[in-house]
Amino acid sequence: MKLSYLLFGLLLLMSWEAVAQLNVGVRGGYSTSSITYRPEPGRPAINTSNINAPLYGLVVEYFGNKNAGIALEIHQVSLGYTQRDSISGGENQTELRYLKMPLLSNFYFGNSGRFHIKLGPHVGMLINAIDIKREVPDNPIFLPTYGQPGDNPNRFMYGLTLGAGLSKLLGKSTLAGDVRFGYEFARPESQNRIFDMNSSTIEVSLTYMFQLVKPKWKKEE
């Protein structure tokens, strides 16, 4: 958390000293995530179904030139899974809500209508874990609970984010839409109840930003 505050302060300081462009805005959309895991060594990987949830947050974007920049985002996003028992028809579903902070390099191609690519690491902290449904409690190869007393899920997340999309300049404002893929290196399991676990997320979102600091290249025009 302290690292994110430091990065935020550095972005603001750099923008004022270099007289580069600084945009601030909001981001909103939906995410879908799932977990693939091995309950114990030697077993094949088991895929879970997706869980869908809204995401929203704040964006600060710094531009050193017209076509490249760096952005720090702070938003809420949900990870989790849905798992069904084909015999009983029961379903387990868990949602883990995080405060996620990506630091992304942004590359833009075009003028007022632009194609962009985003890439960078992200970190985050667990806000809460909720077992939405728990209809199959006794299946030994199913994922365990994470929202019950004593589960103690790992509170830290970190991984990589890759995205692409389109943006449109509207005077001093920018409207952007993109699709992102996130891969998690951390996992919620902290008690070694699961041998191996991988989590991934797809995010579809819209971002609205407005220009807070006028860029140097526009002042020179």
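1. Strands here are DSSP runs of E, at least two residues long, numbered from the N terminus. This is a predicted model, in which local features need pLDDT of at least 70 and side-chain atom pairs count only at pLDDT 80 or more, while totals for chains, interfaces and linings use all residues. Residues are numbered from 1 along each chain as its sequence is written, and side-chain values use heavy atoms, with hydrogens and water left out.

2. Have a look at the backbone of Asn192 too: its phi is near 60°, a positive value in a residue other than glycine. Most residues other than glycine have a negative phi. Asn192 is exposed, with a relative accessible area of 66%. Buried means under 20% relative accessible area, exposed over 50%, and partly exposed in between (1.4 Å probe, protein chains only).

3. Asn152 also deserves a glance, with a positive phi near 50°. Asn152 sits in the loop between strand 6 and strand 7 (156–170), and is exposed at a relative accessible area of 55%.

4. Of its 15 residues, Tyr98, Leu143, Tyr146 and Met197 touch the most other members. Strand 1 (21–38), strand 4 (68–84), strand 5 (91–110) and strand 6 each give two or more residues to this core, and strand 4 gives the most, with three. Apart from this core lies another, of five residues, among them Leu22, Val24, Tyr62 and Val213.

5. Leaving aside neighbours within four places in sequence, the residues in contact with Tyr146 include Tyr81, Thr94, Ala129, Pro188 and Met197; contact means heavy atoms within 4.5 Å.

6. Ile130 belongs to strand 6 (residues 113–134) and is partly exposed, with a relative accessible area of 30%. Beyond neighbours within four places in sequence, Ile130 is in contact with Gln93, Thr94, Glu95 and Arg97. Ile130 and Gly80 are 50 residues apart in sequence, with 9.4 Å from C-alpha to C-alpha.

7. Lastly, which strand gives the most to the nonpolar patch? The answer is strand 9, with four residues. Leu170, found in strand 7, is partly exposed, with a relative accessible area of 45%.

Definitions and conventions
A nonpolar core is a set of buried Ala, Val, Leu, Ile, Met, Phe, Trp, Tyr and Cys residues joined through side-chain atoms within 4.5 Å.
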